[in-house]
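I opened a new notebook page for this structure today. Here is what I looked up, entry by entry.

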Amino acid sequence: PAAWEELTAPFDINYAVLFHLSPNSGSLIKRLYNDRSWHLVYLDSRAAIFIRNQRQNRRIIERYKKAVFQPKEENIAGLRLSCVASFEEINKAYFFIDAGDYEKAETFCRIAMVKSPASDIPHLALGMAFLYQDRLKEAEVEYKKALKINPLCYSARQNLKALSVISAHRINNLIEQARPE
């Protein structure tokens with residue numbers, strides 16, 4: 001966070017355009033998304049634009065900030081007509097997972113599930129969102145749904161194994177804590 005301010009302050013940087021699918025963008029996304037001095041004004045399946053919360057930007061912020069969080073009406077109306085995986089919704093879900101806004105991530109995962117019921121990807125993304133919230137049982141359910149759709153889904157198998165390890169570790173900790181000294 002301090003490095004970002006040191007980098008941007010001398011140049012009076014007013015906006016940031018991020019390719020949010022980049023493996024290293026997550027920490028900056030989370031930092032800007034949760035910083036009240038920045039607003040997310042644009043988000044699509046690949047890029048996000050943040051603008052600094054300054055007087056000269058207020059008109060842009062007011063015009064675009066709410067549109068970012070709402071799925072397009074035409075997408076909602078045609079949900080049951082699409083059988084293609086909704087990469088836009090999935091990528092937005094992963095953006096919000098990176099930002100730590102799991103409620104919005106869940107919304108976009110569920111839209112993708114309706115648009116593409118034969119895809120395991122929305123279940124993997126939602127499982128990840130639940131995992132990051134420590135909602136392990138719900139994560140397990142989503143990973144199992146992904147495997148039901150795609151029995152060869154390596155990520156779902158690995159994530160279920162990881163959940164087993166986490167659960168076993170927690171049980172061992174509880175046993176250790178319960179032992180008399």
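Before starting, I wrote down one term: a nonpolar core is a set of buried Ala, Val, Leu, Ile, Met, Phe, Trp, Tyr and Cys residues joined through side-chain atoms within 4.5 Å. I also noted that this is a predicted model.

**Entry on the core.** I looked up the largest nonpolar core and found 36 residues in it. Leu32, Tyr33, Leu40, Phe50, Phe95 and Phe96 have the most contacts inside this core. Helix α6, residues 102-115, gives the most to it, with six residues.

**Entry on the sheet.** In what order do the three strands lie? I read β1-β3-β2, in an open sheet with antiparallel pairing. β1 (15-19) and β2 (38-43) each have a single partner strand, so one side of each edge strand is left without a neighbour in the sheet. From one strand to the next, the twist averages 25 degrees.

Next I checked how β2 meets β3 (residues 47-52): five bridges join this antiparallel pair. Leu43 stands opposite Ala48, which lies in β3.

**Entry on the helices by the sheet.** I found helix α2 (residues 26-33) packed on the sheet, where it touches β1, β2 and β3. The direction of α2 makes about 145 degrees with that of β1.

Helix α5 (residues 87-99) lies across β2 and β3, and runs at about 165 degrees to β2. From first C-alpha to last, the 13 residues of α5 reach 18 Å, close to the 18 Å expected. I listed buried residues of α5, among them Ile90, Phe95, Phe96 and Ile97. Just after α5, I noted that Gly100 takes a positive phi of about 85 degrees.

Note on methods. Residues numbered from 1 in each chain as written. Predicted model: local features only at pLDDT ≥ 70, side-chain atom pairs only at ≥ 80, totals over all residues. Heavy atoms only, no water. Pairing = 2+ DSSP bridges. Helix = DSSP H or I, 4+ residues; strand = E, 2+ residues; numbered from the N terminus. Axes fitted to C-alpha atoms, helices over the stretch in contact; angles between N-to-C directions. Contact = heavy atoms within 4.5 Å. Buried < 20%, exposed > 50% of the residue type's maximum accessible area, 1.4 Å probe, protein only. Expected span 1.5 Å × (residues − 1).
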